[in-house]
Amino acid sequence: MKEAITRFAPSPTGYIHIGNVRSAIYPYLVARQTGGKMILRIEDTDRTRYVEGATELIEDTLKWLGLEWDEGPLVGGPNGPYFQSERTDLYIKWAKKLIDSGRAYADPTPSEKIEEYRAKCNAEKKPFLYRNFRPENPPAWEPGMPIRFKSEPKAYSWTDAVMGEMHTGPEVLDDIILIKADGFPTYNFAHIVDDTEMGVTHVMRGVEYLSSTPNYLAIYEALGLERPVFVSLPHILAPQGNKKLGKRDGAKSVTEYREDGVLPEAMLNYLACLGWNDGTEQEIYTKQDLIEKFSLDRIQSSGARYDETKLLWMNGQWIRKIATEQGIEALYDRTVNFWPEAAASYSEDYRKAVLTIIYDRLKTLSDLRNMTAYFFADPQIDLDMLISNKYLKKLSEAEIETLLKQTIAALSEVTDWSADSIQETLNQLLVSTGKKPAELFSLIRIAISFAPFSPALNLTMATLGREVTMARLNKVARAI
RNA sequence: GGUCUCGUCGUCUAGUGGUCUAGGACGUCUGGUUCUCAUCCAGAAAAUCGCGGGUUCGACUCCCGCCGAGAUCACCA
């Protein structure tokens, strides 16, 4: 494929959530794959819906996911400005061109009148087509007047890269508004002007624009423009029901997952593969893999349901992948904001040691907060937890106390306090006490952590260090 | 209502006329890994391929009809 110019063109009405971020990911992949460019364009022509700070939110999301744009806000480019509100002259210019060629007209009809037409059609159960009510002799355009396209009903055919061959009849074409009374263009018109001016080759957007495409085609035609490649992206469905995932279903913003300890690699991987696959059984894709293997014709044409469980699974995979392929240091760098508060007073080396033995239990980085508490603060002694344990409830308190004392005695003999030596001592203790691993290890594990679970016992003890381990064991022995 | 789109395990999907007694992944369940939780490994359950016709020696795959779901019909994008 030759160099593709793609764009992500959100309107700044709020954050980007998982339901709509695919329309940023796919254009990015296509641009990178073909050695082309991705443009970020802010479609802020609806002043009533504009949200302060939304642009920054959008930029932040894209950056976090690693979707750098080649032209747009912050980076500039030869086709700016990249905010539609700053390009109004351009839209007026193009609209006038259409008026001059007889393919658009200034519409003086008051909106009450339009409502009347619409009501009439509804009452007669006929489709409402504005072209049937077109004013006979439209006035010359002047600011403050909307401009409408003058449609010519006919059938259209086109190819959608995802949906395939499309055909529609003349009944879908209408005189759509190009320029609103407030002087701003509608999306319907602005995006065509901008995509043309910016040289966009692939128009990728949600399927909701599929039914308006014939109207866009008519405008391209009237303007004598070449059609871009149309790519309709199916919706991502909410976990329940058959509606597309939206903010009303509680769709979280993409960056909210960053706070939850989801890795951008996992997010990108999951989202890219929701409704797309390369036909192999591969599940884990790096950004580079995606750039190489992505193809428009393998995008699913039906909607895909969002499944957070799988995202979390994938995140766990990525946590382990980073730890094993890039090393624990690399993983550690991602964890800085996720440790329990008490961890702050410990050294980096200690936190890394904890991470090393706990990371394969993490689904998200924020799991660190509750999974590692006992590494940074002495746990509250909970004798009930000890006594009611599945393996220990068979033992009397006296037996538990004896066992604990034997353990303390044996461990004090350990010379180098390494995981291996601890394990060796533990094994000997098993023989000398005649206890089952389940009994002895449960006892020690609970006594040093009072946590529902922990890493392997010897690793936990080695990391905790001799002093802390012994102190905790002694404290429990005294408490019984 | 008009127009358009979609319809394979609970979920994401593989599948382009025979290799499909429909494959993989998540989730679920079972077992293993000297304690726990998780990882990892092994295994199981789970889809009359929306329904009904047709074409064909043969259809999940092609055609028609139906049903179901969704999108759209704004001076919103």
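**Ground rules.** I am working with a predicted model, where local features need pLDDT of at least 70, side-chain atom pairs count only at pLDDT 80 or more, and totals for chains, interfaces and linings use all residues. Residues are numbered from 1 along each chain as its sequence is written, while chains are lettered from A and ligands numbered from 1 in the order in which they are written.

**Overall form.** I looked up the secondary structure of chain A and found 20 helices and eleven strands (DSSP runs numbered from the N terminus: H or I of at least four residues for helices, E of at least two for strands). The radius of gyration is 32 Å, well over the 23 Å from the globule rule for 480 residues, so chain A is more spread out than a compact globule. That radius is taken over C-alpha atoms, and the rule is 2.2 Å times the number of residues to the power 0.38. The C-alpha trace spans about 105 × 50 × 40 Å along its principal axes. I noted that 36% of the 480 residues are buried; buried takes 20 or more other C-beta atoms within 10 Å of a residue's own, exposed 12 or fewer, and partly exposed lies in between, with C-beta atoms placed from the backbone.

**RNA side.** Next I turned to RNA strand B, which has 69 residues around it, near being a C-beta atom, placed from the backbone, within 6 Å. Ala181, Tyr187, Ser302, Pro437 and Phe453 come nearest. Elements that each supply at least two residues of this surface include α4 (111-123), α10 (308-325) and α17 (419-433).

**Helix α20.** I then checked α20 (residues 466-479), whose 14 residues reach 20 Å from first C-alpha to last, close to the 20 Å expected at 1.5 Å a residue (1.5 Å times one less than the number of residues). Thr469, Arg472, Leu473 and Val476 are buried in α20. They sit on the same side of α20 because they cover an arc of only 95° around the axis, taken from the directions from the helix axis to the C-beta atoms. The buried residues of α20 pack against α16 (397-412), α18 and α19 (457-464), contact being C-beta atoms, placed from the backbone, within 7 Å. Exposed Glu467 and Arg478 are on the face turned away from the buried side.

**Leu67.** My last stop was Leu67, in the loop between α2 (54-65) and α3 (88-100). Leu67 counts as buried because it has 22 C-beta neighbours inside 10 Å. Leaving out residues up to four places away in sequence, Leu67 touches Ala24, Ile25, Tyr28 and Leu62.

Conventions
Contact = placed C-beta atoms within 7 Å.
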